[in-house]
Amino acid sequence: MDRERKIIAVTTNEMTVNELDENGTLKKEHKLPFAYSAVIPAFKGVEAVAAVPGLCNPRGFVLIDKHQRSPKYPHIFSVGVCVAIPPVEVTPVATGAPKTGYMIESMVSATATNIVAELAANSTTQCNVVQERQVGAPREDRL
Ligand SMILES: Cc1cc2nc3c(=O)[nH]c(=O)nc-3n(C[C@H](O)[C@H](O)[C@H](O)COP(=O)(O)OP(=O)(O)OC[C@H]3O[C@@H](n4cnc5c(N)ncnc54)[C@H](O)[C@@H]3O)c2cc1C
């Protein structure tokens, strides 16, 4: 929690950074001169996905339940870095939880298992959906 910093402005050769206390109140303003600087912008979700009403949090990450499923759209599951995960702790400058490849592999395994279970539980409904959508004469082997 010590030494929270927030970038306020960047010009050609100087960055203004505010140092905050634990309540997020300005403690000190720093002017940092530089010849070369790299700043990674805040991570946000994909615009098209973020624009779906009720699917995402304000940062554009997909809201899911413990089954990796959207509470608003039960036919949508979400895995990977696009998922909304609460921060590990509250900090004056907002931070995200790290999302690693291993974590995402577990999400994918859980989702695949949940989709199989869902299809098995609703096999009659699922067959009807496929039948309604298929082109041409109904065929048993398409189900
Ligand atoms: C530098 C770095 C090092 C890392 N090292 C490790 C590590 O050592 N171990 C570890 O476990 N994890 C590591 N990670 C994290 C890991 O790479 C990610 O967590 C993982 O790749 C996320 O997988 P994903 O499928 O969710 O997203 P991504 O791998 O980011 O895949 C998203 C895909 O969606 C595509 N896409 C984006 N927008 C659109 C759009 N509008 N339409 C269509 N496609 C789109 C992108 O092109 C991309 O192919 C590292 C990440 C970085 C950046």
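Predicted model: local features only at pLDDT ≥ 70, side-chain atom pairs only at ≥ 80, totals over all residues.
Local features rest on pLDDT of at least 70 and side-chain atom pairs on pLDDT 80 or more, whereas totals for chains, interfaces and linings use all residues. Residues are numbered from 1 along each chain as its sequence is written, and side-chain values use heavy atoms, with hydrogens and water left out.

One aromatic pair is counted when rings of Phe, Tyr and Trp (its six-membered ring) are paired at centres within 6.5 Å, planes under 30 degrees apart being stacked, over 60 edge-to-face and the rest tilted. The ring centres of Phe43 and Phe61 lie 5.3 Å apart with the planes at 45°, so this pair is tilted. Because Phe43 belongs to the loop between strand E3 (26–33) and helix H1 (47–50), and Phe61 to the loop between H1 and H2, the pair ties together parts 18 residues apart in sequence. The charged end of Lys99 sits over the ring of Phe61, 4.3 Å from its centre (NZ of Lys or CZ of Arg within 6 Å of the ring centre and within 35 degrees of the ring normal).

Helices (H or I, at least four residues) and strands (E, at least two) are DSSP runs numbered from the N terminus, and the elements of the protein follow the order β-β-β-α-α-α. The buried residues of helix H2 (residues 101–121) are Ile104, Met107 and Thr111. Viewed down the axis of H2, these buried residues fall within an arc of 50° and so line one face of the helix, the arc being that of the directions from the helix axis to the C-beta atoms.

Definitions and conventions
Expected span 1.5 Å × (residues − 1). Buried < 20%, exposed > 50% of the residue type's maximum accessible area, 1.4 Å probe, protein only.
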